[in-house]
Amino acid sequence: MNHAMQADPDTDEAVLERKARLEFMTWERKPAETDGADQRALKQKLARSANARIADTAYIAEDARIFTTSLIVGHRSWIAAHALVRGDIELGSNCSVNAYACLSGKVRFGDGVRIASLVSIVGFNHGFDDPDTPINDQPHEIKGIVIGDDVWIGANAVVLDGVTIGNGAVIAAGAVVNKDVPPLAIMAGVPAKLIRRRGEKPVAAKSRRGEVEKALRSISGMAESQWRDVLNHYRRPEGYVSPDASGVASESSRHQCDAIEIAAGFGAPPSGDEAKAIIDRLQSMQDSQTGLFPDPYTPADPSLPVLEDNLSLYNVLAVGYALEILGSRPKYRVASAEMDAVALCDWLDALPWKKRAWRCGDRIDGIATALYFNARYFESGEGRDRGREVLFGWLATHADRATGLWGHPTAEQGLLQPINGFYRLTRGSYAQFGLPVPHPDAAINSVLTHYRNYEGFSGENYTACNLLDTIHPLRLCLKQTDFMRAQAELVAEAIILRAPERWQAGTGFAFADGQQAGLQGTEMWLSTLHLAADLLGLKDQFAFVPQGVHRTRAAGLGI
C-alpha cells in the first residue's frame, strides 16, 4: 500500500473543524480561504442561482441561505451561516452579516456596516388595509431600506421598510427602527428613540436641576419686582422709545405692544381709561381695505405689494394680540389674507424658500394669524374658511421629511434661515391652531444640530431671536415625541442659567449680548425663559406668562 496516498485523519478533522468554525466566525477567514476552490465554486453557483455579483475578496458561508433576485457583495464583506438573504440586496465594502440575521426585500448597505446575529432588516411590507381580503392575498409594498456607512446594528434589532439610517449610526440590541435615523445617532427602544449622538458625552446622571431652579427663581424675582420700572424707563409722553433688535433706539408701535405684553405677563395689563385710549390708538392704525396695520412711525413703501410691507404684516400679530389683551379686537377683517386656493398656493410657491426661509416663515406667521382673527371675530363667508385648510394642506406637502423644516439651508448661515423660519411658520399656524407638526423627530434633530453648529450661540449671536427660535420649536415638537428630550432639556437649562447675569437692573434684557436693554429684548427673553421653564416642567416657578405673540395656549381650528 502506498502510504503517501492515504488521507491523514488528523489533518482532515482539522480542516473540517476549521470550515465549521468559519461558518459562524467568518471574520477569522484568511486570504487563501477567501480565494479557495470551495469559495470560487460557491460564488459561481450563486451568480447563476441568485443573480449574485460577489467580490473576489468577499466570503460567503456555505450554510448561508441566499435566495435573491439580485445580490451585490463588496470587497472584504462576508455573510455567515444560516443568515437568510432574499430579495434585492446590496452590500458595500467591509460589511458583515452574522449568523441567523435576516435581510429581506430591497436593502442597500453602504461601507463598513455591521449586522449582529438575529437582526431582521425587512425592506418590504404586507398590505393589510382591506379587511375583506386575506392578508396573504393583498399586494406587497416595497419602499426599501438604505443603511449608510459605518453603521452597527445590534442583536435582535428590527429595521422596518422605508427607513434610512444615516452614516455612523448605532442601533442598540432589540431596538425596533420604524423612522429615519440621523447620522451618528445612537438609537434604542421600541420604537427606537435617540439616546445620544456618537461623540457626545452621555447626559450626566446628576442633574443641574437644583441650580437651574435657583437661577429661575432669581430672575423671576428680579423681573417681577422691576417690570414697572422697566416700562417707565422707556415711556415718553408721545409713546415708548426703546432700542430694537438692531440696538438702535426708536419710536415704534411695537414698543407700545411689548409694554402691554410685559404688563399682562405679570398679571397687570392696562385697564380703565388708559386701556380705552390705547385701544382707540391701536385700532386707528388698521387699514380698512387691507386689514393690515401700517406703522405710523415707519411709512410703507407704496411701490411694494401690501404683503411685502414687513411692519404692516407683523403688526397684525403685535397690535392684534395687544388688542386682545386689552379685551378688544381688530376693527376690520384682514382682507389681504383671504385668497382663493389657487392664489394662496401661487403666493406660497413664490416665497424665497431657497435663500430666505426666515422671511417665508415670517409671511406665513402673519397670514395664519390674520386667518385666526378673521375666523374668531368676523362672520364667515363662502370660501373664506377654506384659507386655513389650503394653507395647512400646502404646508403638509412641502415639509422636508429629512429635516422636518421648510426651506433650505444656505452656505453662509447653515440652518439658520430654515430653523428661524420654522419658529415663525409654526407659531402662527400649527402652534396657534393646536395641530401637530408633520415631522417632529426630524425637526428636533435639525434644531439641536443647528444649536450645536453655533456652539449654543455666543457674542452677537446670543440673541433673543436665536434662542427663542430654538426653544419654541423644541417645546412644540416635544409635545408629540420624547425624541432627544434629554438634549433639549440641556438647552433649556443653559438658557435659564445664563439669564440672571444678563438682566440689566431697571431696564430689562438686551435683545443681543453687547447691546443696551430694551422692551423688545425684555419681552422676548421673558417669553423664552417661560418656554424653557415649561419644557423642564418648571413654569410655575416663573412669574411671567406670555399673553400675546408668544403665548402658548392654542385656539383650535374651531376657534
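Visitor: Is Tyr462 buried or exposed, and what is its relative accessible area?

Guide: Tyr462 is buried, at 4% relative accessible area. Buried means under 20%, exposed over 50%, and partly exposed in between, with a 1.4 Å probe and protein chains only. This is a predicted model: local features need pLDDT of at least 70, side-chain atom pairs count only at pLDDT 80 or more, and totals for chains, interfaces and linings use all residues. Residues are numbered from 1 along each chain as its sequence is written, and side-chain values use heavy atoms, leaving out hydrogens and water.

Visitor: How many aromatic pairs does a search of the whole structure find?

Guide: A pair of aromatic rings is described by the distance of the centres and the angle of the planes. Rings of Phe, Tyr and Trp (its six-membered ring) pair if their centres lie within 6.5 Å; planes under 30 degrees apart are stacked, over 60 edge-to-face, the rest tilted. The whole structure holds 17 such pairs. One of them, Tyr372 with Phe373, is tilted: 5.0 Å centre to centre, 55° between the planes. Both Tyr372 and Phe373 are buried.

Visitor: Why is the pair of Tyr462 and Trp525 stacked?

Guide: The ring centres of Tyr462 and Trp525 are 5.5 Å apart and the planes are at 20°, so the pair is stacked. Trp525 is buried too, at 2% relative accessibility.

Visitor: Which residue lies over the face of Tyr462?

Guide: A charge sits over a ring if NZ of Lys or CZ of Arg is within 6 Å of the ring centre and within 35 degrees of the ring normal. Arg498 lies over Tyr462, 3.9 Å from the ring centre.
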